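Dear colleague,

Here is the structure I said I would pass on. My notes follow it.

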Amino acid sequence: MSAAHAPAAAHVAAAPKTDKTLKADLVRLAKAAGGSGGFTVIDDRTGRTVAASDPDTSRPLGSTAKLLTTGLAAATFTPPTNYLNTSVETSTPVGVDGTLDGDLFLVGVGDPLMGEAQLQTLADGVQRAGIRTISGSIVGDGSRFDDWVGGPSTHGAFDLNMNGSIGALTYARGREAPDGPLQPDPARAAAFRFDDVLEARGVVIRGTPRQGIRDGSRPFAFSQTPVSAVIEDINKRSDDFAAEMLAKIAAYKVDGTQATTARAATDIAAYARTLHTRFRVVGGSGVDRRTSGAPRQLARYVRAIRRTAVVARSLPIAGVDGTLVNRMMSAPARGNCHAKTGSLPQSRDSALAGWCRVHGRTLVFAIQRTRVTSQPAAKDAEDTMVERIAASRPR
């Protein structure tokens, strides 16, 4: 794993002063959310704190934790290995009559975006190989991950909040057919769908699709998904399913052994420490409120990773796209502020972390709040705080 470097200090004549007016205004605006919380605003160029209130109390990160997961992934999957390659494999040669005497393996690497287009690409590869009859079965291999289909909040059991069944091999987030129900064994479900796709093309398959582990097979066809596309999906849409998947993908890349949620969490926290920040991490999405950290740590982490282009491009832009498309829709925040949202409605936690371009400089911020009156109240307060940050002038 190649750790991204924290921003180097710029050579400046004088450090920026703490903005007491900005701090007072942000404290006042934050109260509209109810509950309690803290924030940190950092000058990106120097790393100095511009404004802060209760910046060192650890609180649930919510979906701002996705920044930790995508930061690790961006540092781990560097060119030319920055693709997720689902493969089709065989352990026996194809006969001259187009018969594959044995099983055909569909081997997953944890691609959370795998759907119909990817299966069709793999089916193209099967036909290019001249396979017309398969004497065995389509075998879905999801052994790269453990058997958890949910996240840490459900101790691996299916979690409806994920909107998917986690696994190294999933089709349409764990379905067996387009728009079908989620399945408890996503590898088996993907095998069934691939069986249908091949049969629709005239391939005769004698066996019944099943879940299994490849037996010394070799790949001959691939479907590639850029890791950057997964990172963008996670941060723009705040996709919990994809985030838990990516956490395990990165863990496998780092350690090379079967990925577990616990080890993924350990790797995410370890990467954050390389950037001189500390968090408690139990999963990749932030849906478990035990994943936590303090505003100062979160702001410093954002400052460190925002120079990673793939991560910077993935954050929602105020008033433009993603989870911020309908928030902060007027100047000066609109189009100038980029941030990752965080919401845990059941436990009444809310967070927002990102940066704004402000009169020729960049201010990085992290806002966290617990026991908020409501999510709408918390979001309104966050928006007015960021709008105030975006309106601030150099001192």
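The model, which is predicted, contains an open sheet of 5 strands in the order 2-1-15-14-13, with antiparallel pairing. Strand 2 (49-53) and strand 13 (337-344) are the edge strands; each has a single partner strand, so one side of each has no neighbour in the sheet. From one strand to the next, the twist averages 5 degrees.

Strands of a sheet pair through backbone hydrogen bonds, which may be parallel or antiparallel in arrangement. Within this sheet, strand 14 (residues 349-358) and strand 15 (residues 361-370) run antiparallel and are joined by 10 bridges. If you want a position to check on screen, take L352, whose bridge partner in strand 15 is I367.

Two helices lie across the sheet strands as follows:

- Helix 8 (residues 295-305) lies across strand 1 (36-43), strand 2, strand 14 and strand 15, and runs at about 35 degrees to strand 1.
- Helix 10 (residues 375-391) lies across strand 1, strand 13, strand 14 and strand 15, and its angle to strand 14 is about 20 degrees.

I also looked at one residue in helix 1 (residues 20-30), namely K20. Is K20 buried or exposed? Its relative accessible area is 67%, and the cut-off for exposed is over 50%, so K20 counts as exposed. Between K20 and G212 there are 62 Å in space, C-alpha to C-alpha, and the two are 192 residues apart in sequence.

Regards

Note on methods: Residues are numbered from 1 along each chain as its sequence is written. This is a predicted model: local features need pLDDT of at least 70, side-chain atom pairs count only at pLDDT 80 or more; totals for chains, interfaces and linings use all residues. Side-chain values use heavy atoms; hydrogens and water are left out. Helices (H or I, at least four residues) and strands (E, at least two) are DSSP runs, numbered from the N terminus. Buried means under 20% relative accessible area, exposed over 50%, partly exposed in between (1.4 Å probe, protein chains only). Two strands pair if DSSP finds at least two bridges between them. Axes are lines fitted to C-alpha atoms, for helices over the stretch in contact, and angles run from 0 to 180 degrees between N-to-C directions. Contact means heavy atoms within 4.5 Å.
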